[in-house]
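Please read the points below alongside the sequence and the coordinates.

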Amino acid sequence: MPLLEVERVSKGFGGVRAVADVSFTLEEGELLGIMGPNGSGKTTLFNLIAGALAPDAGRIRLHGHDIAGLAPHRICARGIGRTFQLVRPFAALDALENVLVGRLYGRARGTTAEAIAEAERLLALVGLAARAHTPAAQLTLIDRKRLELARALATAPQLLLLDEFMAGLNPAETASAMALIRGLQAEGLTVLMVEHIVWALMDLSRRIIVLSAGEKIAEGPPAAVAADPAVVDVYLGSETSDLERRR
Ligand SMILES: Nc1ncnc2c1ncn2[C@@H]1O[C@H](COP(=O)(O)OP(=O)(O)OP(=O)(O)O)[C@@H](O)[C@H]1O
Ligand SMILES: [Mg+2]
């Protein structure tokens with residue numbers, strides 16, 4: 001049984017079909033990439049999976065159980081963690097405290113000492129050990145992104161949703177983020193990631209889904225997706241060069 005099954009899911013806002021009849025499955029341990037131009041429905045799809053929004057139609061199953069429309073904290077408790085495209089840590093709390101909030105929210109259980117030890121382990125994992133007691137407001141963008149990842153991991157997810165985790169990072173930071181994501185997958189985490197940095201997404205994923213105007217227009221291995229005329233069509237513009245580089 002797939003870990004996640006998204007079946008004919010739709011969501012509209014007024015007249016806009018943000019997500020239109022999208023279906024896909026995700027196997028345990030897989031890393032599936034999602035790409036698509038601005039406004040193609042990627043974040044809305046994440047919001048539907050994570051429970052921030054309820055779909056108008058369709059089913060979303062985790063381990064075969066329908067989770068569509070459940071409250072976000074319930075979905076989190078069932079094992080789906082997420083990062084947000086716009087990172088908003090608790091500014092006045094330090095990095096360690098922010099990660100502890102994630103731990104409280106998620107499905108991990110245990111003593112306070114265990115929670116702190118785990119939060120410290122996660123801060124070290126994302127490269128923030130030295131910033132544990134720095135207020136989140138004073139962190140740089142890359143460090144806030146790292147913190148966001150540690151907070152999501154602290155909820156003890158089985159499936160991690162990453163929404164443009166690499167946006168705004170320089171090439172060296174992107175490379176370190178990619179290594180981090182690979183490491184998480186190697187440890188058994190299932191990952192669904194939205195990314196505008198096409199070459200990075202293609203490098204990390206065996207399979208990619210492309211959204212355009214809410215619809216899934218392509219799905220397959222990166223090379224096949226990059227060569228797909230429908231995909232090339234929607235990427236005519238700023239990101240064409242990214243696609244070209246891969247072909
Ligand atoms: N809460 C909302 N209310 C009204 N319209 C919305 C809302 N959220 C998203 N939309 C619209 O739904 C469509 C899809 O938006 P979404 O944020 O899912 O796209 P995206 O693929 O994540 O874009 P980006 O690459 O810019 O992050 C857009 O037309 C957007 O304006
Ligand atoms: Mg988005």
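**Notes on the predicted model**

1. Glu118 and Arg121 both belong to helix α4 (residues 112-125), where they stand 3 residues apart, about one turn of the helix. Because an α-helix has 3.6 residues a turn, residues three or four places apart point the same way. The two side chains meet in a salt bridge, at 3.0 Å from N to O. Glu118 is partly exposed, with a relative accessible area of 23%, and Arg121 is likewise partly exposed, at 41%. Please keep in mind that this is a predicted model, and that the distances and areas quoted here are computed from it.

2. In total the structure holds 13 salt bridges, and some of them join separate elements. Asp21 pairs with Arg8, their closest N and O atoms being 2.9 Å apart; this links distant parts of the chain, since Asp21 is in strand β2 and Arg8 in strand β1 (residues 4-13), 13 residues apart. Arg8 counts as exposed, at 52% relative accessibility, whereas Asp21 counts as partly exposed, at 36%.

3. Arg182 forms a salt bridge with Asp203, with 2.9 Å between the closest N and O atoms, and this pair connects helix α6 with helix α7 (residues 198-204) across 21 residues of sequence. Arg182 is partly exposed at 38% relative accessibility, and Asp203 is partly exposed at 38%. Beyond such pairs, Glu30, Arg207, Lys216 and Glu219 are linked in a network of salt bridges.

4. Helix α1 (residues 42-50) is largely enclosed by the rest of the structure, because 8 of its 9 residues are buried. The buried residues of α1 include Lys42, a charged residue by type, as well as Leu45, Phe46, Leu48 and Ile49.

5. The domain assignment divides the protein chain into domain 1 (4-79 + 158-246) and domain 2 (89-157), and the C-alpha centres of the two domains lie 24 Å apart. Their contact takes 21 residues from domain 1 and 15 residues from domain 2. The area buried between them is about 1,400 Å², with carbon and sulfur atoms giving 71% of it. Cys76, Phe165 and Leu180 supply 32% of the area that domain 1 buries against domain 2, more than any other three residues.

6. What is the count of salt bridges between domain 1 and domain 2? The count is 0, while 4 residue pairs are in polar contact between the two domains. On the side of domain 1 that touches domain 2, α2 (72-77), β7 (159-163) and α6 (171-186) each supply at least two residues, and the residues of that side divide into 13 nonpolar, 5 polar and 3 charged.

7. Ala77, found in helix α2, is partly exposed, with a relative accessible area of 40%. Ala77 and Ala156 are 79 residues apart in sequence, yet 8.7 Å apart in space from C-alpha to C-alpha.

Terms used
Residues are numbered from 1 along each chain as its sequence is written. Chains are lettered from A and ligands numbered from 1 in the order in which they are written. This is a predicted model: local features need pLDDT of at least 70, side-chain atom pairs count only at pLDDT 80 or more; totals for chains, interfaces and linings use all residues. Side-chain values use heavy atoms; hydrogens and water are left out. Domain bounds come from an automatic or database domain assignment. Contact means heavy atoms within 4.5 Å. Buried area is the accessible area (1.4 Å probe) that two parts lose on being put together, summed over both. A salt bridge is a side-chain nitrogen of Lys or Arg within 4 Å of a carboxyl oxygen of Asp or Glu. A polar contact is a pair of N or O atoms within 3.5 Å; within protein, one must be able to donate a hydrogen and the other to accept it, and residues adjacent in sequence count only if both atoms are side-chain atoms. Helices (H or I, at least four residues) and strands (E, at least two) are DSSP runs, numbered from the N terminus. Buried means under 20% relative accessible area, exposed over 50%, partly exposed in between (1.4 Å probe, protein chains only).
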